[in-house]
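Please open the model in your viewer and keep the sequence panel beside it. The stops below can be selected one after another.

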Amino acid sequence: MKPGYVTLLLLALSSAPTFAQTGLITGVAVDQSTQEPLPQANVQILGSPFGTSTNLEGKFVLAGVPVGVYQIRASLIGYEPIVVNDIIVATGRPTDLRLQLVQSAIGLEGVEVRASYFQKS
């Protein structure tokens, strides 16, 4: 065997465990009452740097997530944020979620507008 092939084979074998220790979380965020997809919802793994936003169809993908058990938080303006516990990420198969957010009323305080005359100086 040529020395270049041996080096390439050793490099491939040494990096294989790194790839095998991550998983994939996929899913969709929907409105709980209408089941319509929610675009631009924020989805994040609590306590980690992993996070993303949903696309126009409400779908999201979190790739390269280390194998483990996580809490997923989803939020969107006009909806109550939710936290889903005990999400298991394993190798070999994606973890698929359906995140159902409940609409919330956004209360705003009244605004008072007063008109006055301008003064020339």
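Begin with Leu-99 in strand E7, which is the bridge partner of Ala-29; strands here are DSSP runs of E with at least two residues, numbered from the N terminus. This is a predicted model, in which local features need pLDDT of at least 70 and side-chain atom pairs count only at pLDDT 80 or more, while totals for chains, interfaces and linings use all residues. Residues are numbered from 1 along each chain as its sequence is written, and side-chain values use heavy atoms, with hydrogens and water left out.

Next, select residues 22-31, strand E1, which runs parallel to E7 and is joined to E7 by 7 bridges.

Within E1, select Thr-26, which counts as buried because its relative accessibility is 18%, buried meaning under 20% relative accessible area with a 1.4 Å probe and protein chains only. Its side chain makes a polar contact with the side chain of Asp-96 at 3.0 Å (a pair of N or O atoms within 3.5 Å, one able to donate a hydrogen and the other to accept it; residues adjacent in sequence count only if both atoms are side-chain atoms).

Finally, select Ile-45, which, leaving aside neighbours within four places in sequence, is in contact (heavy atoms within 4.5 Å) with residues including Ile-25, Phe-50, Leu-62 and Val-65.

Methods: Pairing = 2+ DSSP bridges. Helix = DSSP H or I, 4+ residues; strand = E, 2+ residues; numbered from the N terminus. Buried < 20%, exposed > 50% of the residue type's maximum accessible area, 1.4 Å probe, protein only.
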